[in-house]
Amino acid sequence: MPWFSWWRRKKNAAASSAAVPAARPLYVPGRETVTAAESHYVIPNDLREANRLDLQHFALHEYFGTNVFAPVHNPQRILDVASGTGRWAKELKAQFPAAQVTGLDVSVPLEIQEHGQPSEYTFVQANVLEPLPFPDASFDYVHMRFVFTAVPAQQWPVVVRALMRVTAPGGWIELVEAYLPTEGGPAFAQLEAWGQQLVGSRGIELAQGRNVGQFLREAGATSVTERSGALPIGPYGGRVGQIMGMDIFTGYRLVAPALVQGLGLDRRLVNETIAQADADVYSGNYQAIMPIYIAFGQRPIHGIVCFVADVGARFIAPWPSRTGFTFFGCGQRYVYPPLFFLIVIKYKHINQHQNKNTQEKTGS
Ligand SMILES: C[S@@+](CC[C@H](N)C(=O)[O-])C[C@H]1O[C@@H](n2cnc3c(N)ncnc32)[C@H](O)[C@@H]1O
């Protein structure tokens, strides 16, 4: 192993181990990995969560009017990291029918548990906090959405570098993150504080979501572009607000047992606080929002190989050409399909000049 890869591994390993502080083991139905401290996501993997994620996906699409922010053109290999129910992956397959779509998640979605692999995408069970099970440059478009409650602060740079590794040079990486609902009144503020306290014991800082652009730049991405939004929560936000209201309060109700287990809070107090936040939002006294942070960037293209062969011109090579042709080619093996071009130049006038010289020398 070359010395520099040993050094790099050591650095990554240090970041990983420092990122997982001792936290109280949590029992979260459908997520044995939380108990094992390999993943930190504290919402159960059950039908209510699946429906919540699909609703949330719908609200995001309604609000932004798109599933795709990066300027991708006909990507052939797409990866969705933390793919959840697979809704985004399926819609990307519909949008780019020729693409091979892969979804990766630490938990197997209920639909796949019941019916096996879907036809639209290939599901791979893996943990994004561990080395990704794909060779370098495997995808043209890598997307990761809403892991701000699952990735420890110190591991963000490691995770984004891993996404860069599996993205082909010239391909795009897109990160879509959020923060907990704010501006919803004191009960919401209390839930926000408890939420941060709970995941904080696992090294997670919820506010890291707003740094997605910086993570991409630090990982070496170029053309990094950032966008943000604020999804309304509650009736003031129309259809999106109504959906986000259902999303957020279902989410908090699903997290409540983890708040009780992880922080030792009184169950009734937690439930009453959630009910109060719900009442505040629906009373119209507060206009709560869920901040959204979007960033996308491109893996730079390196390693273009060019060559010149069987040179037919004296000013390029000192030997006379056999063919009278010059071949000039360039290639970039990571782009899919591999991009090679070949230019054949016939130096006709030079060969004519050579022939004339030869004729003069031989007197013919
Ligand atoms: C809020 S959901 C978002 C799902 C999907 N990206 C979406 O936007 O609908 C977070 C997802 O991250 C997954 N997750 C949490 N920790 C993970 C990890 N360490 N590795 C891979 N997936 C993880 C969870 O299982 C869950 O499906």
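Contacts between residues 24 or more positions apart make up 69% of the chain's contacts with a separation of 6 or more. The model is predicted. Its chain has 364 residues, of which 38% count as buried, and its secondary structure comprises eleven helices and ten strands.

**Nonpolar core**
- The largest nonpolar core contains 79 residues.
- Val142, Val159, Leu163, Ile173 and Leu216 have the most contacts inside this core.
- In soluble globular proteins, nonpolar side chains tend to be buried together.

**Glu177**
- Glu177 belongs to strand E5, which spans residues 167-178.
- Glu177 counts as buried because 26 C-beta neighbours lie inside 10 Å, where the cut-off for burial is 20 or more.
- Apart from its neighbours within four places in sequence, Glu177 makes contact with Phe146, Phe148, Gly209, Val212 and Tyr293.
- A separation of 6.3 Å lies between the C-alpha atoms of Glu177 and Ile294, although these residues are 117 residues apart along the chain.

**Ligand surroundings**
- There are 18 residues around the ligand, and Tyr41, Ala82, Gly84, Val106 and Ala150 come nearest to the ligand.
- By residue class, the shell around the ligand consists of ten nonpolar, six polar and two charged residues.

How values were computed:
Residues are numbered from 1 along each chain as its sequence is written. This is a predicted model: local features need pLDDT of at least 70, side-chain atom pairs count only at pLDDT 80 or more; totals for chains, interfaces and linings use all residues. A residue is near a molecule or strand if its C-beta atom, placed from the backbone, lies within 6 Å of it. Ala, Val, Leu, Ile, Met, Phe, Trp, Tyr, Cys and Pro count as nonpolar, Asp, Glu, Lys and Arg as charged, and the others, Gly among them, as polar. Helices (H or I, at least four residues) and strands (E, at least two) are DSSP runs, numbered from the N terminus. A residue is buried if 20 or more other C-beta atoms lie within 10 Å of its own, exposed if 12 or fewer, and partly exposed in between; C-beta atoms are placed from the backbone. Two residues are in contact if their C-beta atoms, placed from the backbone, lie within 7 Å. A nonpolar core is a set of buried Ala, Val, Leu, Ile, Met, Phe, Trp, Tyr and Cys residues joined through C-beta atoms within 7 Å.
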